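Student: I have just opened this one and would like to talk it through with you. Could we go slowly, please?

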Amino acid sequence: MFLDPVLRRVEPLLLRVDRLAGGRNAHEKIVESDRDHHRTVRAFRWVFWLLAVELLIGIAAVIVAVVIAAQAGSIGAVPFAVWMRALIVLAMTVTLFYFAWRAALGWRWAYQRLRLFAQIFPVITLVMAAIPGLYPAWMVTEQIVFSLIMIGVADFLTSDHMRQAYRKPDAAADPAS
């Protein structure tokens, strides 16, 4: 892989980020056989594709907002809630990519965060979409599609195989405890 030398140099910084994001369990990795299992690899392949679609939807939402504002001749033509939603979705999707990448490398904390957010974000998004008048119809549609895709991500992450692969290590078998 052409990024290996770069990633090796950046890994100490990433481990610091992991420590912040993962907390006291940031050091826990799953066993290589579970990480490299074909079902784990396939699940993450789907997760990355679904997150890529989420990213495209987020970029499209920003573009639509910019076009509407440009046609109206004022940034104020697009409600503040629309701008915030569009930018938050982009930031959140980038964060989810980071979690997915680290989880695919075997970091248990990243899997836990990714699974948690994939289960919570669709609920929040659908509740926000249900508030009358908060968003224009095109953004409500975007939120519903976003939620359905995120439910797909959660479905892959909560499969029996994935929950078994990323299970909490036994205290007796864990030399660090």
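Student: Which helices do the buried residues of H6 pack against?
Tutor: They pack against helix H3 (38–72), helix H4 (80–104), helix H5 (108–129) and helix H7 (160–165). Keep in mind that this is a predicted model, in which local features need pLDDT of at least 70 and side-chain atom pairs count only at pLDDT 80 or more, while totals for chains, interfaces and linings use all residues. Residues are numbered from 1 along each chain as its sequence is written, and side-chain values use heavy atoms, with hydrogens and water left out.

Student: Which residues of H6 are the buried ones?
Tutor: They are Met139, Glu142, Gln143, Phe146, Ser147, Ile149, Met150, Val153, Ala154 and Leu157, where buried means under 20% relative accessible area, exposed means over 50%, and partly exposed is in between (1.4 Å probe, protein chains only).

Student: And how many residues does H6 have?
Tutor: Helix H6 (residues 137–157) has 21 residues, and from its first C-alpha to its last it reaches 30 Å, close to the 30 Å expected at 1.5 Å a residue; the expected span is 1.5 Å times one less than the number of residues.

Student: New topic: which residues line the second largest pocket?
Tutor: The lining consists of Ala81, Met84, Arg85, Ile88, Val89, Met92, Phe121, Ile124, Thr125, Met128, Tyr135 and Gln143. The elements giving two or more residues to this lining are H4 and H5, and the largest share, six residues, comes from H4. About 180 Å³ of space lies in the second largest pocket.

Student: What counts as a pocket, then?
Tutor: On a 1 Å grid over the protein atoms alone, a pocket is an open set of points with protein on both sides within 12 Å along at least five of seven lines, and lining residues have an atom within 4 Å of a point. Grid points are joined across faces, edges and corners, and the volume is the space filled by probe spheres set on the points.

Student: How many residues does H4 have, and what follows it?
Tutor: H4 has 25 residues and reaches 36 Å from its first C-alpha to its last, close to the 36 Å expected at 1.5 Å a residue. H4 is followed by Gly106, whose phi is positive, near 105°.

Student: Which element has the lowest mean pLDDT?
Tutor: Among the elements of the chain that is helix H1 (residues 4–22), at 67, whereas H6 has the highest, at 95; pLDDT is the predictor's confidence in each residue, from 0 to 100. The chain averages a pLDDT of 86, and 84% of the residues score at least 70.

Student: Last one: how many helices and strands does the chain have?
Tutor: The chain has seven helices and zero strands, taken as DSSP runs numbered from the N terminus (helices are H or I, at least four residues; strands are E, at least two). Of the 177 residues of the chain, 36% count as buried.

How values were computed
Contact = heavy atoms within 4.5 Å. 1 Å grid on protein atoms, 1.4 Å probe; cavity = no way out; pocket = protein on both sides within 12 Å on 5 of 7 lines; lining within 4 Å.
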